[in-house]
Amino acid sequence: MFGWVAIAASVPVWLYFFYRLTALFRFIRSGGPTQLNRTDRPLARLGRVLIEVFGHTHFKGRPLVNAAHWLVMVGFLFGAIVWFEAYIQTFAPDKGWPWLSDWPVYHFIEEVLAIGTVLGICFLIGVRLKLGHTERGSRFYNSQVFPARLVEAIVLLEGLGMLAVKASAIATYGGGSPWADFLTMRVAGVMQASPSMVQFFALVKLLTGLVFIACIARYFQWGVMWHRFMAFFNIFFQRNADGEKALGAVPTPDLEDLEPGSWKMLLDASSCTECGRCQDLCPAWNTEKPLSPKKLMMDLRQGALDNYNPHEGLNVLAMAGTIDDDVLWACTNCGACVDQCPVDIEHIDHVADLRRFKVLAESDFPSELTGLFKNMETKGNPWGRNASERRAWIDEARADGIEVPIIGEDAEDFSDLEYLFWVGCAGTYDDKGRATTRAVVDMLHTAGVKFGVLATGETCTGDPARRAGNEFLFQVMAEQNVATLNDAFAGVPKGQRKIITTCPHCFNTIRNEYPDFDGHFDVLHHTQLLNRLVREKLLVPVPRSPEDRKPVTYHDPCFLGRHNKVFDPPRELVEATGASLAEMDHNRDEAFCCGAGGARMFIEEKLGKRINEFRSEQAVATGAEQIATGCPFCNVMLTGGVKSIAPETQVSDVALMLRSAIAPSGDLPAPREKAFLDTPRRLPVEDSDVPSPEATAAQSAPTSSPQAPTAAPSAPSAASAPQAPAAPTPPAAPSAPAAPTAPQAPSAPTVPTAPAVPSTPSAPAAPSTPQVPAAPTAPAAPTAPSAPQAPAAPSAPAAPSTPKPLTAPSAPAAPKAPAAPSAPAAPKAPAAPSAPAAPKAPAAPSAPQAPSVPDAPAAPSAPAAPKAPGASASKGD
Ligand code: SF4
Ligand code: SF4
């Protein structure tokens, strides 16, 4: 009878489960494409699944919880074999799996699994009860309570059921082994022999499992249950086949398809276990803002389910509408959620998708961003300052006797340079950022490093635009900068195109995002290079006196630490200055954000507590008198943060601390003779990607030791030799110098966008209004014409035209030019994706909304932002 009851209950449940499984598959498949290849290197991906599942390698912190979860997981995976055995036992209580059930090792494994499951789930139940779900500080706040309680009860019953079936079988039929059945033999001692009891326990075990199966089949939104299946797939399809978290770059999207709601977003949402680890370290959530990465994924899941129809598919617009603006724009892109998630959910990518959709398709974004976008379009920097100011600090440094070679002016090409110092907008326009820039340059000069700068050839990397959803603007700036950098590095092979930057946002963008635009550079944060200079004794800090060894704490910038794993060099530098390092409770990959990332630097923080003050409190709690950091934005935010908490606390970039240490009196030591740190390799300019035998031979010959400064110089000369023959063809060489003059380039972006915008809206009022939002689409117009030029490209002579972009002001032309000469020009055309943007023109109709936007005038106030650079603490105030 027990057996037939089990069969009767199982058939409908299993049929329903498989039916719903196909429905879930169709639901996830209804999502759009993702921007990345999710199936490359399948064996590596499979390996990652095994490593992450059985090694729990992406479970951070909480070792006891992780161990308990591991026991429960293994009990579930292998306990399934024991669970299915119950079908046999409900019919024949003295039987089991053929061969296996007579093997003591099987009994031992079953015993351990059952005990592990019971102990593990009891511990996890205790943790959930202790933390509760009603206090905002609990990571289970917002998590669904009933499904969690239910699954915990089911797991506990399953574990107890395994023990009960085993013990009752031993009590009834004897046998058992003291080592394989060490616990159940004792339990059997207090039980009566009864075949029916064995069948009953087996039936209870089966029915408990069937309840679990029926529940997940019914409720797709019960992630706490579904993750037992979905996690495997989510780990397999994660962004990086090697298991690297989805940090660093934001994947470059197809501008023709801006809709959010990819199948990966749906898979992510369906896999969320609601564990709350992401919520625990989210700076927005910890400062009383409505954003919780966990809730975001839960809301996306529910929104998708509510707006999915098996016949019509997913209503993406309705789904996106379920995420409140205050939630969406609160994210700082700090990456803590992505880093903490044990099932590899990619929150930042989804935030980026949603913001992009809001900005480019709906022209719906915080008013402050209007000024940001306009400044970046017209001036090439977030604050709308003039490009000519990018020379100001250089003139000051030169007046003080510091050499700052400008590539294209003081150095014709890169043959006798080793590093390109990308100064960045904050490093130019912000007071504290400029002080850091000067300190770095002082030390490079002192250490004899061969470096050059672009001066007015730089524009913003585009990071704030991309993170704020204006992908079009980002791509225009990225293409322009990549063209400038590739031109500056003409003749320098990949692997030798070294860029130093003091801004982690520039660092991340150039290093991780420019490769999508054919920009392949070796990017170093200034703390990495300075640390090397100190280690190689090219910079020698003067030891502090014991009374001067004041405690200093170091704040990890998110885009340097968590996103790019640079944790140690800045710390080693702090210690090299003689200070004692006092770590905050949350440091390294658990550090809290300062609040500036994700373009939040340029958006007013109206809700909850200020993130910069929250982080500053943690820094001040260490007792440190100085906060060191390695990011101009963190510098500004923390400076503002400590003002109201501990005004006497100083906030400083590590570079400034080091400069003080090597020049306590203020006067720098005599500069070393300029020399390469590493043996340089240079190629003929026209073929920079193909190693030249002469060059390589020349370089290997001269130096075995990089320390021989004199040997290094010889290398460049060797390299320059081959360039001579190359000279004929590559007028590219002359173009190099043109690059620097490209200062006009920055103005380029303005050309395309600004004018086009007004033309779009027929309404006269439109132009005056912040049509700026429409701007992104508008540029499509100018680029489109470039498309036809592409075909013209075949006439290779396009090469000469190449210089145009470099010298010519029209930046947009710049990116196209490089494309033109080669066939790839064709693909560039698609790059002109701007064209697709055209279709968004219809979005223009939103122009009428413009009138409503009149508050845009508020936007103008945004320009007030320019205070930021000067004030250096505008945000933090
Ligand atoms: S990236 Fe940072 S701010 Fe954004 S949701 Fe994740 S933890 Fe929160
Ligand atoms: S997103 Fe990841 S870390 Fe956050 S609750 Fe879901 S499973 Fe846990």
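**Close-up views of a predicted model**

**View 1. Helix 3 and helix 7 cross in the left-handed sense.** Left-handed means that the near helix is turned anticlockwise from the far one by less than a right angle. The contact draws W83, A86, Y87, Q89 and T90 from helix 3, and V198, Q199, A202, L203, K205, L206 and G209 from helix 7. Contact requires C-beta atoms, placed from the backbone, within 7 Å. By class, these residues are seven nonpolar, four polar and one charged. Ala, Val, Leu, Ile, Met, Phe, Trp, Tyr, Cys and Pro count as nonpolar; Asp, Glu, Lys and Arg as charged; the others, Gly among them, as polar.

The model is predicted: local features need pLDDT of at least 70, side-chain atom pairs count only at pLDDT 80 or more, and totals for chains, interfaces and linings use all residues. Residues are numbered from 1 along each chain as its sequence is written, while chains are lettered from A and ligands numbered from 1 in the order written.

View 2. Pairing needs at least two DSSP bridges. Y554 has A628 as its bridge partner in strand 9.

**View 3. Ten nonpolar and four polar residues form the shell around ligand 1.** None is charged. Helix 14 (336–340) and helix 15 (347–361) each give at least two shell residues.

Conventions. Helix = DSSP H or I, 4+ residues; strand = E, 2+ residues; numbered from the N terminus. Contact = placed C-beta atoms within 7 Å.
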